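Please look over the chains below before reading on. The paragraphs that follow go from domains to chain contacts and then to the core.

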Amino acid sequence: MKRLAIVLACALTFSCLAGCGEKDTTTSAEPAAEVNETNAEPVADGNEVDDEEPTFDTEIEKTLYEASKMSDEELYEKAKGETNKTVVYSTTSLAATAVETFLAKYPDLTIEVSDIGEADMFTKLSTEVGSAADGADMALLQNAYRVNNELISEDLLYNYFPEALKGVVEEGYQDPTAILFVSKLIFINKSDASVEDLKNVWELTETKYKDKVFFKNPADEPVGMNFLIMLTSDEWNKKLSDAYKSYFGKEWDNSAEYKSCAYEFLDKFLANCNYTYTADGGICGGIAEGEPGSVGLFVFSKLRTNEVARENLQIAATGNDGKGIEGFAGFMYPTYAQVCADTDTPYTCALFINYLLSEEGGAAWNNEDNMGTYLANTSIALVPDSTGLDKEVDYWLDRCVIEDGDYLAANYAEVYEYIASRIN
Amino acid sequence: MKAINLEKIKNRIKTYFSNPANCMLVFFFCVFLGLSIYPITAMIKEMFVVHAGIEKTLITAKKGSFTLYHVQKLFIPSEWSVTSFYIPFKNSFLLGLFGAILAIIFGGVTAWLMTRSNLVHKKIIGTLFMFPYLMPAWTLAQFWIYLFQNSNVMSGNKGIMQSLFGICMPQWFVYGLFPCVIVNSLHFAPFAYILIGGILQNMDATLEESAQILKANRLRIVRKVTLPIVMPALLSTFLLVFSSGFASYAVPVFLGGAVRFYTLASKMKAMINAGYMGQAYIIAAVMILCGIIILMINQKYTNKRRSFTTVTGKSGQVSLVNLKKANRPISIAMIILTVCFSVVPLIVFALQTIQRVPGDYSVSNWTLDFWIGKDLDAYKMGMVGGILVGQDFLMALLRLVLLSLACSAFAGTAGLFIGYSVVRNRRTRLSKMVEAMSFFPYLIPTIAFAAIYLALASTKTFSFLYNSFALLVLVGGVKYLPFASRGCINSMLQVSSEIEEAAILMNVPWYKRIFRILVPIQKTSIFSGYLLPIVSAMREVDLFALIVANSRYMLTTMLLAFNQTGYDQYASAITLLIIVIVLVINQVSSKLTGASISQSVGSYNKQ
Amino acid sequence: MPRIELINITKRWGDFFGVKNLNMVIEDRDFVSLLGPSGCGKTTTLRMIAGLETPTEGIIKIGDKVVFDSEKGVNLSPDKRDVGFIFQNYALWPHMTVYENIAFGLESMKWDKKEIDKRVKEMLALMKIEEFEKRYPSEISGGQQQRVAIARTLAIKPQVLLMDEPLSNLDAKLRLEMRTELKRLHADTDSTFVYVTHDQLEAMTLSTKICLMKEGTIQQYAPPLKVYNEPNNLYVADFVGNPSMNFVNGRIEKSGDKYEVSLLGYKAEFVPNEEVQGIDGDVTVGFRPEFMKIAEDGKISATVYSTLPSGLETTIKLKIGEEIISSVVFGASDYVTDEELRCNIAGSNVCVFDKDGQKVAMGQLIIR
């Protein structure tokens with residue numbers, strides 16, 4: 001005991017010493033910006049007065065703004081001046097393919113992709129950006145809530161969106177820039193013909209679905225959590241109320257017990273969820289081989305590699321004689337491309353984002369070997385996958401809950417605790 | 001007068017530091033002080049500040065400002081604190097407790113059978129019994145599910161027991177506390193077996209014989225003599241297994257998720273996922289605190305005045321208890337049981353890697369694509385094809401092996417010097433402190449440990465380490481240092497100081513004394529000290545995930561990525577390979593040098 | 001009563017014989033020492049008597065009871081043999097106090113609490129260790145631990161007390177003291193003692209009979225003085241006695257009814273004590289150092305090689321020809337190194353061993 005007390009006492013006494021070595025985030029961006037000064041356009045260059053010209057806190061932000069107005073050729077020229085390697089942290093492993101083709105097109109650049117786990121992405125970026133550590137220059141990442149609240153709002157990530165594409169990417173996905181969407185859909189095992197199609201999401205709140213709705217535990221999967229929280233937004237609350245009406249044949253009227261219709265849905269839906277599987281592949285295989293009538297929510301692309309699943313499972317959105325399930329058919333989440341606040345290669349980053357938004361770059365995802373992934377650039381047509389199951393992005397956007405950073409920022413905390421107490 | 005005193009002090013300091021063992025001790029004291037202070041201060045800070053994200057919104061304060069919110073939220077009784085802290089705490093506690101008790105029963109009975117009875121086929125049982133310890137605990141958890149899942153519970157998928165024998169176990173048997181306890185105890189039973197077996201083997205048989213001559217029956221001998229004497233080993237096994245169970249993460253994730261069974265560690269991870277950093281760090285602190293308490297209980301018990309030093313008597317020929325007719329049945333039962341949890345999981349994992357559609361065991365579904373297939377568009381995961389095709393996988397394998405070797409070289413060598421300096425300064429306060437502090441890294445939950453070192457590497461001073469191999473080595477080395485230093489302290493204790501003193505008189509420099517005299521004498525046990533870090537690093541997943549620059553960097557982090565995305569075949573193939581490599585390393589080293597895991601674990605109790 | 005009989009006892013591990021066809025009777029109230037170098041099977045024999053080791057073959061009887069019979073499959077466990085056993089390292093239980101250690105056996109026998117207390121107090125007094133009763137074994141000295149071990153063993157009043165080198169861990173002075181105590185104990189307790197030692201002096205001074213063993217077989221089983229004076233063979237003669245017996249090579253020839261011996265470059269006549277037959281040729285002649293007398297009228301001339309006075313006696317190493325011969329004289333006397341002197345082989349205890357080391361005759365040696 002005594003020994004430990006001494007150790008702890010020492011620990012506290014010297015804590016101030018240890019503190020000296022720590023990074024100071026408030027002054028973070030400056031040193032990195034200085035590095036870049038040689039590449040930056042002279043400030044005087046911006047004399048053609050533009051009344052939209054915003055003010056910038058850092059050189060990088062300014063550089064990115066200027067870059068957004070350049071053509072790919074101009075960017076390439078600028079990027080050639082950046083000697084350091086560009087490191088891209090990515091939660092999607094197919095980014096490696098995009099980097100490969102990017103380098104084939106722009107051979108003078110050096111860029112490398114690092115696969116980083118979804119949860120680790122935030123810890124890593126918030127630790128390294130602005131610190132002395134030389135980590136990522138840009139990131140491809142998901143989870144609108146944490147991207148906005150932990151990184152963008154803390155000035156650790158800067159947005160870049162090319163001026164030229166303003167018409168083809170929906171405005172809501174320009175800041176932060178989304179490059180693609182991934183869908184997770186509701187599937188039902190129809191291996192037995194007597195199983196009826198899902199007609200309404202409220203069916204999933206019935207007791208007969210107890211433990212039969214397979215879903216990755218949202219506490220372990222943030223995009224799943226975001227989806228549940230989005231249900232409480234006005235838009236989806238309304239859709240849920242409408243579905244409620246058509247399912248139960250009466251208007252929702254339980255405000256005594258629940259804050260809104262969505263809250264009631266969450267309460268009853270979560271009570272039926274089954275978190276046995278810790279990965280989407282497991283859910284897919286599991287319900288495909290499992291009991292007829294089991295329901296699962298998982299990444300669409302899993303169907304590609306699983307013949308049994310294609311055979312036994314029905315996509316709820318396309319069932320019910322093509323009318324699909326009422327309420328929602330699944331959810332989608334964007335993958336964002338963001339530039340780190342301390343990058344020393346802003347032009348390369350910008351060029352790479354341009355590339356990701358182009359048809360060529362998007363081909364890493366938009367190809368016949370992949371499905372359930374949709375490009376944010378709406379001018380690019382979906383390349384149908386070999387199974388022929390996939391549909392255009394608009395089809396899904398109408399039926400799936402999609403993350404909205406602003407709504408999440410305002411309501412996350414409250415709804416999270418409501419949900420957390422129901423998944424423990 | 002004053003001048004003389006100063007001179008005296010100066011000379012004293014000079015004399016003190018002229019002994020290299022003292023220099024090392026002071027050095028390690030400073031290093032350990034840093035290694036404990038840095039994490040402690042970092043964690044204390046995190047516990048009381050507002051972080052970006054959800055906390056900012058909840059507390060409506062600026063990032064970085066001081067708050068008591070986390071502490072209040074987590075501890076003041078409410079629905080939130082009950083589900084986020086009190087229940088996980090209870091679960092962790094029960095898991096640790098029952099896991100440790102069962103591990104001791106499994107391991108203890110086996111140890112007794114192996115050392116004190118004439119059981120047949122001891123060799124094969126002894127070898128197989130070690131397997132579960134060499135396998136990562138979560139592979140057993142996964143195996144448990146493959147074995148017992150059935151159409152009555154949760155997923156409704158058929159497991160091996162149902163498919164083959166039609167046996168359906170109830171839900172509590174398949175998911176939740178019970179299987180977690182069983183899997184943890186299976187994983188740690190070999191640990192208990194080695195510790196207790198070591199004591200039984202070293203224990204002077206005459207202690208039991210004299211009781212027998214004094215007309216005590218078997219039961220009384222076990223109760224009054226054997227048990228009290230092995231008690232310290234039992235206790236330290238209990239506490240080690242308890243603390244491992246208490247902090248276990250992967251096993252509850254696999255076996256508990258389905259029934260919402262959370263432990264402190266899995267809760268902490270969920271907190272981090274949601275951005276509740278402050279509360280996550282408080283949970284980590286609670287886990288460390290519990291670890292320290294356990295460590296202190298352990299030390300208190302082993303420092304009792306009824307010293308348990310076991311003088312090995314000359315009667316090495318212990319009279320073995322004749323199991324008579326029970327011998328063969330017990331032996332066969334043991335073999336079946338050990339095979340079930342050693343060879344069978346390997347076969348199951350091997351089968352998983354050749355299934356085109358996971359879970360379908362029919363021959364028509366078999367394929368070697370995941371091993372040697374090329375251009376598998378359908379399975380694209382950034383992989384060119386099967387894991388044996390292309391460089392990615394082989395490089396990751398190579399890096400993992402390199403890292404394990406480097407971690408072990410780091411931990412083992414540091415452990416060697418710690419062992420030397422601690423033993424040569426035996427009974428000084430400083431040496432006791434260094435010995436106690438060397439255990440600290442073991443107590444920090446893996447996820448917090450990684451985060452703390454990541455932050456350390458992002459500071460100016462250490463930024464050169466960021467995303468580097470050296471950081472991985474440092475983190476692994478420090479994390480496994482407790483194993484290595486404990487082992488080295490014990491092996492150094494066994495060399496009498498006269499041996500070194502003889503060399504001192506002949507003016508042999510200290511490093512030569514260590515490497516030419518002490519190390520050769522104790523080479524087997526020191527090599528064993530290197531082996532445990534190798535094996536631990538080989539199967540460690542969570543520790544390195546955050547620190548590697550790229551999840552495809554190493555085999556284990558690759559495995560984690562495959563697990564998350566659900567590419568079961570790749571994941572199983574990697575798991576299988578890791579287990580096989582660990583087994584091979586253990587076998588080869590025990591053949592070549594006589595050092596094996598059983599020995600490195602065994603060196604834990606010789607104090 | 002406790003007469004111990006070992007009949008054809010053999011203990012074998014694979015091809016290795018620990019004890020080979022051993023026959024021995026230990027009479028009631030004997031104090032028998034099993035003597036021999038390490039690995040000769042003495043401890044194994046003792047452990048077989050106690051039941052801690054199972055013989056491969058043979059019969060063991062304690063008193064009238066057959067405790068082991070390999071043919072009939074009888075094998076009584078140690079607790080049923082009514083023996084006490086003192087281990088070399090005492091085997092005190094480290095987690096019990098002195099008192100608890102002594103009381104353990106009595107508790108096993110389900111004695112009454114009061115009786116136990118009385119008996120333990122008695123034993124503590126007997127062994128003069130009353131003040132240590134509350135201490136743990138690690139807190140008392142080796143000699144005290146030894147006493148506790150004896151007290152613990154004697155507490156249950158065993159008929160037979162088996163001791164496995166109980167004094168070997170003590171220092172010289174304490175060992176001497178404990179020897180006296182043990183001999184006294186034997187006289188006081190009326191029980192049979194079997195004692196294992198590799199120290200011939202210990203065996204000589206303590207026992208009523210010595211059983212000298214080599215490689216699992218008995219070399220000689222006789223009272224100590226008989227073993228000393230009339231060793232059965234070269235091995236026994238060499239093992240017993242300090243300084244050890246002088247051995248010289250000689251050649252014996254029978255001429256008429258006299259035996260002519262040539263040794264150390266001298267001719268001598270050997271007069272056997274008893275009628276002997278057929279001793280002829282090369283032999284080894286052995287005589288104890290005390291019979292190598294230094295006398296002015298001695299027939300043998302020798303030079304002093306070195307002198308080792310111990311106060312009570314003096315050992316003189318003499319060089320005769322190329323041989324070094326020991327001589328012991330009572331009291332302190334000093335000789336100058338390389339001094340020349342004369343000596344004689346006296347007494348009628350000169351042994352003659354044949355080529356195989358067996359004793360063939362004893363008698364007197366008259367140097368010419």
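Which domains does the domain assignment of chain B give? The assignment, whose bounds come from an automatic or database source, gives domain 1 (45-76), domain 2 (90-353) and domain 3 (362-607). The C-alpha centres of domain 1 of chain B and domain 3 of chain B lie 36 Å apart. The model is predicted, so that local features need pLDDT of at least 70 and side-chain atom pairs count only at pLDDT 80 or more, while totals for chains, interfaces and linings use all residues. Residues are numbered from 1 along each chain as its sequence is written, and chains are lettered from A and ligands numbered from 1 in the order in which they are written.

Of the 2 pairs of chains in contact (C-beta atoms, placed from the backbone, within 7 Å), chains A and B share the most contacts. Here 71 residues of chain A are in contact with 73 residues of chain B. Helix H7 (residues 118-128) of chain A, a DSSP run of H or I with at least four residues, gives the most to the side of chain A that touches chain B, with 7 residues. Chain A and chain C, by contrast, do not touch, and their nearest C-alpha atoms are 24 Å apart.

The largest nonpolar core has 424 residues; such a core is a set of buried Ala, Val, Leu, Ile, Met, Phe, Trp, Tyr and Cys residues joined through C-beta atoms within 7 Å, where buried means that 20 or more other C-beta atoms lie within 10 Å of a residue's own. Helix H10 (residues 177-202) of chain B supplies the largest share of this core, 16 residues. Among the residues with the most contacts inside the core is B:Ala192, which touches residues including B:Phe106, B:Thr237 and B:Val241, not counting residues up to four places away in sequence.

Definitions and conventions
A residue is buried if 20 or more other C-beta atoms lie within 10 Å of its own, exposed if 12 or fewer, and partly exposed in between; C-beta atoms are placed from the backbone. Helices (H or I, at least four residues) and strands (E, at least two) are DSSP runs, numbered from the N terminus.
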